[in-house]
Amino acid sequence: MARELGIELHNLVAGYNHNQVLKGIDLKVKQGEAVGIAGLNGAGKTTLFKVMLGLIPVTEGRVSVLGRDLRTGIDRAWARREIGYVPQQTTPGKLPVSVHDAVLMGKWGKGYGFFRKPQHSDHEAVGATLKRVGLADLEWQDCRKLSGGEQQKVSLARALVRDAVILLLDEPTTYLDRNFQIEILELLKEIRNEGQLTLITISHDPAHLKAISDRIYQLDQGSLQVVNDESD
Ligand SMILES: Nc1ncnc2c1ncn2[C@@H]1O[C@H](COP(=O)(O)OP(=O)(O)OP(=O)(O)O)[C@@H](O)[C@H]1O
Ligand SMILES: [Mg+2]
């Protein structure tokens, strides 16, 4: 059975003011596929995710998520609800909230919102997701006391708890020590093998990308080239 498209970029040009970082990107990722994106610092990898999330305007070309073109603000807000996003970690979060509440935020716009309080099922989903990422023991810990690796797991849990069908991971392993890297990679492999989620991972580590991707692209000079395709 032919799979539906998860994300499609067609001749995409985008960037900041007069700096067009992405200069004609074509990409098709089907639902359930896992692709990796490599590229030097400043190549535009994070910018590519911002486009998929509808966070920066597109100068030319087309972005579609789950077959829906992102044209209006409503389309872009809808795309953000469908996508789980693990941002590139820069500094550890300083939010004075528990791990449970930090992950519950991932349900915003899905399980609860302005007019609906979190339900029992939302809290249960948080507990189950924390177990999955190995943070069950820290559920009621203050987020400010977490290590960088634990923070990264909270970020992953927040993206997973949304029940998103697309997961964008920006350097999910970069600042982690080896044990944490292995744990996170194993979890991502498991998610990939379940085949339900479309997984797009940015990483500087070719071995990590290889471990969890069907196909790897290099972003260079504003365009994407396939460097490795194991799906043929
Ligand atoms: N908010 C912004 N305003 C203006 N320019 C920006 C902004 N964010 C990024 N840029 C520029 O866009 C280019 C691409 O940045 P981007 O963050 O996408 O790179 P990257 O590939 O993710 O790099 P890294 O590997 O260091 O994370 C860089 O030259 C950067 O300076
Ligand atoms: Mg980046």
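Around ligand 1, the shell residues divide into three nonpolar, eight polar and one charged. Keep in mind as you explore that this is a predicted model. From the ligand, we can move on to a nearby sheet and then to the chain as a whole.

**Around the ligand**
- The residues that surround ligand 1 include Tyr16, Asn19, Val21, Lys45, Thr46, Thr47 and Gln88.
- Also among them is the run Asn41, Gly42, Ala43 and Gly44, together with Gly39.
- Two elements, strand E2 (19-30) and helix H1 (45-52), each give two or more residues to this shell.
- H1 gives the most, with three residues.

**The sheet**
- Four strands, in the order E2-E1-E4-E5, form an open sheet with antiparallel pairing.
- E2 and strand E5 (68-69) stand at the edges with a single partner strand each, so one side of each has no neighbour in the sheet.
- Strand E4 (residues 58-65) pairs with E5 over two bridges, in the antiparallel sense.
- Ser64 has Asp69, in E5, as its bridge partner.
- Helix H1 packs on this sheet and touches strand E1 (5-16), E2 and E4, with its direction at about 115° to that of E1.

**The whole chain**
- In total, the protein chain has seven helices and 10 strands.
- Its radius of gyration is 17 Å, close to the 17 Å that the globule rule gives for 232 residues, so the chain is as compact as a globular protein of that length.
- The C-alpha trace spans about 45 × 40 × 40 Å along its principal axes.
- Of the 232 residues, 38% are buried.
- Among contacts with a separation of 6 or more, 66% join residues 24 or more positions apart.

Definitions and conventions. Residues numbered from 1 in each chain as written. Chains lettered and ligands numbered in written order. Predicted model: local features only at pLDDT ≥ 70, side-chain atom pairs only at ≥ 80, totals over all residues. Near = placed C-beta within 6 Å. Nonpolar A, V, L, I, M, F, W, Y, C, P; charged D, E, K, R; others polar. Pairing = 2+ DSSP bridges. Contact = placed C-beta atoms within 7 Å. Axes fitted to C-alpha atoms, helices over the stretch in contact; angles between N-to-C directions. Rg over C-alpha atoms; globule rule 2.2 N^0.38 Å. Buried ≥ 20, exposed ≤ 12 C-beta atoms within 10 Å, placed from the backbone.
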